[in-house]
Amino acid sequence: MRKSQNRSKNHQRKINMVVASQGAAQVVLLTQIPLIVERCGLSLASIGGLVALGTFCLMIAGPLWGEMGDRIGRKPVLLAGLIGALLAQCLFVALLVAMSQGYLEESNALIALAISRIIYGLNAAAIYPCCQAWAIDLGEEDKRLSILSGLSAAANLGRGLGPLLALPALLAGALWPLAWLILLPLSALLLTAGLPKGESHVPEVQSPDNSSFPPGAIALFATALLGTVSVGQLQVVMGPALQDLYGLSALGASSTTAVLLAAVAICGFLVQVGLVRKLKAPQMSFMLGVTSLCTGTILLSSTLGSLFAAAGLLVFVVGVAFLVPGYSALLSQLQQRGGRLFGLLSLMHTGGYTIGFAVGGWLYEKEPQQPLFGLLISVSLIALFAVVASLIGKRKKMRQAQYDC
């Protein structure tokens, strides 16, 4: 029994490492955008469009990969996604290197680059929903919060380590950090190959009760969407706010933003490993997350422009660290197939970031005197949906108690 539990924990650690590698690869690409512009001749608008194209494909493909994982098993689906992502990254890096050497011009390479991002987005979408569902399959039911907080912590760790991986590679040459875009999915592929085959999880007859999500789940999905909308808005206005409100140069604002994003990721990792994983009740983590998120947003918006804003940012980050595994664990308790559920959750997350980036930049240009106006609205809606989800949960428990009596 103990040997089986140890084997299961070892498999979960490997899944966490796969998730961490994905988070690191995303940040490595973002840190190299200025060098790609300089060495490859791509415009910033072109790079932004390529990133958005990949993100869009990531968003729409997540639920499909989740369903496939339920039907044919986690391992073959995850392997297929990683192989496709690896091939796409190889094509992407090769095209950028060819452009830096003068073999290709932007007009000739842009279509091929777009194809590589489409292939990458469609395949990388398998990683998060399959890993989340697989980790839940391997773990014990009463430890779902701990398992999901571990996965979220792994993603944060990867995002924090991404810049640290890129720095030493820069010593070899300007574009050498792009090698991580190939090495990271390759390492994830090797880790996945060593895992046991995941079983399918589609019941032969699905009851009508399981075919749709209850209202409480819809409120939790809305919270997930709005949470990433909030984070996306904060990320997109961070650099401009540092320039306009703190008087930093463009280079100084970019460097400070990179340091803050790395620090935020590491802070989220420490909170999830040190605090969230010790909680047993997902509802507690969820409510702590909502409370900290609201408190941090109010503190941040009222002190923006001074050094006290760092305290608001810290409380905000702590709130996100509690909130994400909280609602993920609550959703995992539903009588739903794991792949389907986490695929839809991935859709909410990616869609939320996309909306946050778009809305945050637009609102900042319209109302530069109120840079966090959109953030205040989205966090207020999170509080509203959290109350709705809590009330529905309490009513469900009361009905269950009456039924048991």
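Let's start with a charge over a ring: the charged end of Arg 117 sits over the ring of Phe 92, 4.4 Å from its centre. That label applies when NZ of Lys or CZ of Arg is within 6 Å of the ring centre and within 35 degrees of the ring normal. Please keep in mind that this is a predicted model, in which local features need pLDDT of at least 70 and side-chain atom pairs count only at pLDDT 80 or more, while totals for chains, interfaces and linings use all residues. Residues are numbered from 1 along each chain as its sequence is written, and side-chain values use heavy atoms, with hydrogens and water left out.

**Overall build**

- The protein has 14 helices and zero strands, taken as DSSP runs (H or I, at least four residues, for helices; E, at least two, for strands) numbered from the N terminus.
- Of its 405 residues, 48% count as buried, meaning under 20% relative accessible area, with exposed being over 50% and partly exposed in between (1.4 Å probe, protein chains only).
- Among contacts (heavy atoms within 4.5 Å) with a separation of 6 or more, 84% join residues 24 or more positions apart.

**Nonpolar cores**

- The largest nonpolar core has 77 residues, and Leu 234, Phe 286, Tyr 327 and Leu 331 have the most contacts inside it.
- Apart from that core lies another, of 19 residues, including Leu 29, Ile 33, Val 93 and Leu 178.
- A core here is a set of buried Ala, Val, Leu, Ile, Met, Phe, Trp, Tyr and Cys residues joined through side-chain atoms within 4.5 Å.
- Not counting residues up to four places away in sequence, Tyr 327 touches Leu 220, Thr 223, Ala 224, Phe 286, Leu 345 and His 349.

- Ser 230 is found in helix α9, which covers residues 215-246, and is buried, with a relative accessible area of 0%.
- Beyond residues up to four places away in sequence, Ser 230 touches Phe 316, Leu 375, Ser 378, Val 379 and Ile 382.
- Ala 241 also lies in helix α9, and at 7% relative accessibility it counts as buried.
- Leaving aside neighbours within four places in sequence, Ala 241 is in contact with Tyr 246 and Tyr 364.
- Ala 241 and Leu 372 are 131 residues apart in sequence, and their C-alpha atoms are 9.7 Å apart in space.
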